[in-house]
Amino acid sequence: MKLDSLIEKATQYEGNVVAVAAAEDEEVLEAVAGALKKNMASFLLFGNSEKITQILNANHADVASSDHLTIMHAETAALAAEMAVKSVKEKKASVLMKGNVPTAVILKAVLNKEYGLRTGSVLSHVAVFEVPNFDKFTIVTDAAMNIAPDLSQKAQITANAVGIAQSIGVEMPKVAPIAAVEVVNPNMQATLDAAALTQMNQRGQIKGCIVDGPLALDNAVSIEAAEHKGITSDVAGQADILLVPTIEVGNALYKSLIYFAQAKVGAVIAGAKAPIVLTSRADSAESKLYSLALAICSAK
């Protein structure tokens, strides 16, 4: 499966609107322009209107006057974040995107009790990878939000990832809670949590997926490795979702896939009332576009 298919799928939905907080950012506006050219969505750009217009006219004059682009002035990045979040809350937009604003500032607006996008669930990062020589998506969670999630948080992180997987066509995703070994070891908390998540899934506490673990990374993604170790499982060697035990594991795996395996990626924050695109300056324009497509698909 290719991430380009998500762009195609996103364009098939009508009425997509993305609210961008502090849009006065060249890299973000490059992704916005790319999405406009593919007719993926309309955009509400909140921020310094003079700077936004200047960047668009200088770099994307072909879309600067698009009917699918609305610029709304905000004096500060914090106000832009508040306005963007409110636009989603009021259903004027279905996706929230981070611009030139600190992550902490936009998340503060998202979690605001009066106008935010709280659902009572954990917010978690869900990354969908197109890995060379793999014939399906590899989903990694959580590589950016939750530092050392406990069992309850891992269950919610799993549910968030399952929802994203189903939105892109993986109807019954297979979830592998990753650990250093594939057996339960009382001295390794990751293996205890993995076993508990497996049991929770079997008892219907975690729905819409198949969970089996603990599994080491090789046993999760390689049928040959699983067979070599004598592991019989519906998930081993066929995992759609890799649930990592800590943010360090997730972050290293995420960046290893990009820099060592040349994988392509799109990612969103799930668990709020609408998907959130938190782009990084290190992300390629292509990755930002995939993230937008993923967010639009999951919003539907």
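A: The loop between β6 and α6 (151-167) holds Asp142; helices (H or I, at least four residues) and strands (E, at least two) are DSSP runs, numbered from the N terminus. The model is predicted: local features need pLDDT of at least 70, side-chain atom pairs count only at pLDDT 80 or more, and totals for chains, interfaces and linings use all residues. Residues are numbered from 1 along each chain as its sequence is written, and side-chain values use heavy atoms, with hydrogens and water left out.

Q: What kind of peptide bond joins Thr141 and Asp142?
A: The bond between Thr141 and Asp142 is cis, with omega about 5°. Gly213 and Pro214 are also joined by a cis peptide bond, with omega about 15°, and Pro214 lies in the loop between β8 (210-211) and α8 (217-221). Most residues other than glycine have a negative phi, and most peptide bonds are trans.

Q: Which class does Lys91 fall into, buried or exposed?
A: Lys91 has 74% relative accessibility and therefore counts as exposed. Lys91 is in the loop between α4 and β4, and its phi is near 65°, a positive value in a residue other than glycine. Ala22 also has a positive phi, near 60°, but Ala22 is buried, with a relative accessible area of 0%.

Q: Why is the pair of Phe129 and Tyr254 given its class?
A: Rings of Phe, Tyr and Trp (its six-membered ring) pair if their centres lie within 6.5 Å; planes under 30 degrees apart count as stacked, over 60 as edge-to-face and the rest as tilted. The centres of Phe129 and Tyr254 are 5.2 Å apart and their planes are at 75°, so the pair is edge-to-face. Phe129 lies in strand β5 (residues 124-130) and Tyr254 in helix α10 (residues 247-259), 125 residues apart. Both residues, Phe129 and Tyr254, are buried.

Q: What makes Lys86 a charge over the ring of Tyr115?
A: A charge sits over a ring if NZ of Lys or CZ of Arg is within 6 Å of the ring centre and within 35 degrees of the ring normal. The charged end of Lys86 sits over the ring of Tyr115, 4.9 Å from its centre.

How values were computed:
Buried means under 20% relative accessible area, exposed over 50%, partly exposed in between (1.4 Å probe, protein chains only).
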